[in-house]
Amino acid sequence: MKKIIQLLIIAGITLASVCCGGHSANRENPVNDSVITNAQLLFIEATQGYTLVRITDPWQDNAVLHTYVLVPADSVLPGNLPEGTVIRTPLRRAIVYSSVHTSLMKELGAFGALKGVTDLQFFTDSAVIAGAESGAITDCGSSMNPNVEKVIETEPDAILLSPYQDATYGQITKLNIPIVECADYMETTPLGRAEWIKFYGILFNKEKEANEIYDNVVKNYNRLKAEAQQAANAPKVLTETVISNVWNVPGGNSYMAQIIRDAGGKYPWSADTHTGSLSLDFNQVLAEAQDADVWLIKSFNIHTYDDLLGAYPLNAEFKAFKERKIFACDTNESRLFEEFPFHPERLLSDYQLIFSGRTEGLNFFKPLK
């Protein structure tokens, strides 16, 4: 649950700001004009002297959430820049709100640029914890109300956070520090979200690494998807559990529902058009999915069938409970939330294995005991 909370504590709408740092670095493998192929909210265009990045507002039709103008720090600032938040690249000092993005920095080889985090108590990565203990990484307090003094002391080139609708960033908007709105989680397809790695690759001068990672993700995802579509059977799949009389399931047009379908499963709410979650009651779920062949649960406190029964006795009414076809991901132990946003092929692999009746080689899920 702590990881879920940490990932949901994200901030909102920004004010434009300008940062002209003095770090020197050469950009390698600059992107082409049509670099984005799957992401719907992200546009990247490389031009002479700078890279233009535009993020579409996921909550307002035909609106732009933020425009960034990325300029290499070792070049003279062009005089004809378009309107937007100017960021000098690569980022050498960054404050990051989410463990999703600190994990990505580590994979890109840019972890050394991590100088501050918020909500430190929700981080489980040993490198982040060790950095905080040694003083190399600053604990900047709560993501909802960061410690302004700590932020200033960190001297960040930029602050990376995830926006949400109608939110404000508070005092940090007055510090003239670029705020990078990481709206990747609002993408509606697995490969679309993963493609945001290209944006982060440019920010940290790791474009080559980012492109190679993404190309491998696409290749492996499409291979697993093609294999899954050849399966003889398509099991009906139920997800999550009822908590405080509410059962949140992925909307039919969400990327989580898409992964289930791509893995060869039948999703009860596929006809639904929502990209977020659906908040249902127990009887609504029972009516649609009582006959589900497989049940997938992400939880920090459900490890056995007795746990599930104790949480809600009527859980025993589902076919998957009776036939012992329930799989759980321990969110306190697993790195699911850190990995799958930019590696959806790993979650797809788990689902494909489970749907075909195999339990060896799972990345995140285990059969419920």
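Predicted model: local features only at pLDDT ≥ 70, side-chain atom pairs only at ≥ 80, totals over all residues.
A residue counts as buried when its relative accessible area is under 20%.

A pair of aromatic rings is described by the distance of the centres and the angle of the planes. Searching the whole structure gives 16 aromatic pairs. In one of them, the ring centres of Tyr 200 and Phe 342 are 6.0 Å apart and the planes stand at 85°; because planes over 60 degrees apart count as edge-to-face, this pair is edge-to-face. Tyr 200 belongs to helix H6 (residues 197–203), while Phe 342 sits in the loop between helix H12 (336–339) and helix H13 (344–355), so the contact ties together parts that are 142 residues apart in sequence. Tyr 200 and Phe 342 are both buried. These two residues also take part in one aromatic cluster, together with Tyr 68, Trp 196 and Phe 199.

Another pair is formed by Phe 282 and Phe 318. Their ring centres lie 5.7 Å apart with the planes at 75°, so this pair, too, is edge-to-face. It links distant parts of the chain, 36 residues apart: Phe 282 is in helix H9 (residues 282–289), and Phe 318 is in the loop between helix H10 (305–311) and helix H11 (319–322). Both Phe 282 and Phe 318 are buried.

Arginine side chains also meet aromatic rings. Arg 54 lies over the face of Phe 43, 4.4 Å from the ring centre. Arg 324 is placed over the face of Tyr 305, at 4.2 Å from the centre of that ring.

Notes: Residues numbered from 1 in each chain as written. Heavy atoms only, no water. Phe/Tyr/Trp six-rings, centres within 6.5 Å; stacked < 30°, edge-to-face > 60°. Helix = DSSP H or I, 4+ residues; strand = E, 2+ residues; numbered from the N terminus. Buried < 20%, exposed > 50% of the residue type's maximum accessible area, 1.4 Å probe, protein only. Lys NZ or Arg CZ within 6 Å of the ring centre and 35° of its normal.
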